[in-house]
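Dear colleague,

Please find below the structure that I promised to pass on to you.

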Amino acid sequence: MFSYRHAFHAGNHADVLKHTTLIAIAQYLVQKDTPLSVIDTHAGAGLYRLDGDFAQTSGEAMEGIARMLSADPATLAPALQTYLAMVQSFNPGAHLRTYPGSPALLLQVLRPQDKLRLFELMPQDARALLGNAEQLLEGRQAQVLMEDGFANAKKFLPPPDRRGLLLCDPSYEMKTDYAKVATFIDDSLRRFATGCYAVWYPIIGRQEAHDLPKRLKSLAAKAGKNWLHATLTVKSGKLQTLADGSVKRPGLPASGMCIINPPFTLHAALEAALPQMVALMGQDKNAGFTLESTGR
Ligand SMILES: C[S@@+](CC[C@H](N)C(=O)[O-])C[C@H]1O[C@@H](n2cnc3c(N)ncnc32)[C@H](O)[C@@H]1O
């Protein structure tokens, strides 16, 4: 069950899309003084070594965050500038050694009055997350729960101040995860209709992956809520035949973010950032983005 380790993928193009979007949402939501409750249903380890064995084996960060950091920040969209400055703050000096996962990035944005709940089921990652979160707290409130985020996040819904952000970012290692995400969002919207829900999903040749954004949009429409859907493709997903006749899997070619109740500022923020992600991380002529939303 637990073969997925985010450490292999930390800082890849999917993390760039997910975390740029997440920070833009969180920064908008902390503009009001009222406490914000944030839930990360699949939190991972919180911080990742990019010079460790996992990341070096896959090299995914080199095609993702490393390319983004090679750009002159002054030329980038504000949402990218903010995200990249946060990643840089974990990397004093010239070398990119550490990639902050969603818990570390969220702790950068949240204030002492806000609450962060981090679900991570895998014992090894949950222990690492606990240690990393303690290091990063600096007066902020976070709770690590070694529990199933799909089943147990509901105990915190609705939050007392009715202001909340949920990130749902499973590994989709099992194809049942797609249906679990839709059921989880449906149930959460019934408990807390005004919450902001951010769902990441991979774009791969699987019917469930293709259907998930459609299901999320119709759940939002049924609840009378706005949605935003952004996708980023960096390369073709087709198998490649190499000169020696062997076949190479391309790795994850694309991913998407579906947001229910997005901040009204998010569409414009991503409209500026997505073409720059394509320009910097695109690997072939299939690279591109899509962006659509209601309520504009
Ligand atoms: C894609 S990673 C999360 C990455 C993280 N959100 C980030 O952006 O840095 C998914 C994580 O979910 C964990 N996981 C898998 N099933 C889970 C479940 N039912 N509840 C909570 N965590 C789970 C995995 O161990 C893995 O660390």
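**Loops, ligand and helices**

Arginine 162 sits in the loop between α8 and β6, where helices (H or I, at least four residues) and strands (E, at least two) are DSSP runs numbered from the N terminus. The model is a predicted one, in which local features need pLDDT of at least 70 and side-chain atom pairs count only at pLDDT 80 or more, while totals for chains, interfaces and linings use all residues. Residues are numbered from 1 along each chain as its sequence is written, and side-chain values use heavy atoms, with hydrogens and water left out.

Although arginine 162 is not a glycine, its phi is positive, at about 55 degrees. With a relative accessible area of 51%, arginine 162 is exposed; buried here means under 20% relative accessible area, exposed over 50%, and partly exposed in between (1.4 Å probe, protein chains only). The loop between α8 (149–152) and β6 (164–168) also holds proline 158, which is joined to leucine 157 by a cis peptide bond with an omega of about -5 degrees.

Glutamate 138, a residue other than glycine, likewise has a positive phi, near 40 degrees. Its place is in the loop between α7 and β5 (141–145), and glutamate 138 is exposed, with a relative accessible area of 69%. Arginine 140 is in the loop between α7 and β5 as well, but arginine 140 is buried, its relative accessible area being 14%. The side chain of arginine 140 reaches the backbone oxygen of leucine 136 at 2.9 Å, which falls under polar contacts, defined as pairs of N or O atoms within 3.5 Å; within protein, one must be able to donate a hydrogen and the other to accept it, and residues adjacent in sequence count only if both atoms are side-chain atoms. Neighbours within four places in sequence aside, arginine 140 is in contact (heavy atoms within 4.5 Å) with Leu107, Gln108, Leu110, Arg111 and Pro112.

Helix α7 (residues 123–136) contains asparagine 132, which is buried at a relative accessible area of 14%. Not counting residues up to four places away in sequence, asparagine 132 touches Ala45, Gly46 and Leu47.

As for the ligand, 20 residues surround it, and the closest are His19, His42, Ser102, Glu120 and Asp169; a residue is near a molecule or strand if one of its heavy atoms lies within 4 Å of it. The shell around the ligand divides into 4 nonpolar, 9 polar and 7 charged residues, where Ala, Val, Leu, Ile, Met, Phe, Trp, Tyr, Cys and Pro count as nonpolar, Asp, Glu, Lys and Arg as charged, and the others, Gly among them, as polar. A nitrogen atom of the ligand lies 2.8 Å from a backbone N or O atom of histidine 42, and an oxygen atom of the ligand lies 2.8 Å from a backbone N or O atom of serine 102. A polar backbone atom of glycine 149 is 2.9 Å from a nitrogen atom of the ligand. On its own the ligand has 610 Å² of accessible area, of which the protein covers 95%; such areas come from the Shrake-Rupley method with a 1.4 Å probe, and for residues only the protein chains shown count as cover.

The side chain of histidine 42 is joined to that of threonine 41 by a polar contact of 2.8 Å. Threonine 41 lies in the loop between β1 (37–40) and β2 (47–49) and counts as buried at 1% relative accessibility. Apart from neighbours within four places in sequence, threonine 41 is in contact with several residues, including Phe119, Gly149, Asp169 and Phe184.

Lastly, helix α1 (residues 13–29) has 17 residues and reaches 25 Å from its first C-alpha to its last, close to the expected 24 Å, the expected span being 1.5 Å times one less than the number of residues. Of the 17 residues of α1, 15 are buried, so the helix is largely enclosed by the rest of the structure. Asparagine 12 caps the N-terminal end of α1, with a side-chain oxygen 3.1 Å from the backbone nitrogen of alanine 14.

With best wishes
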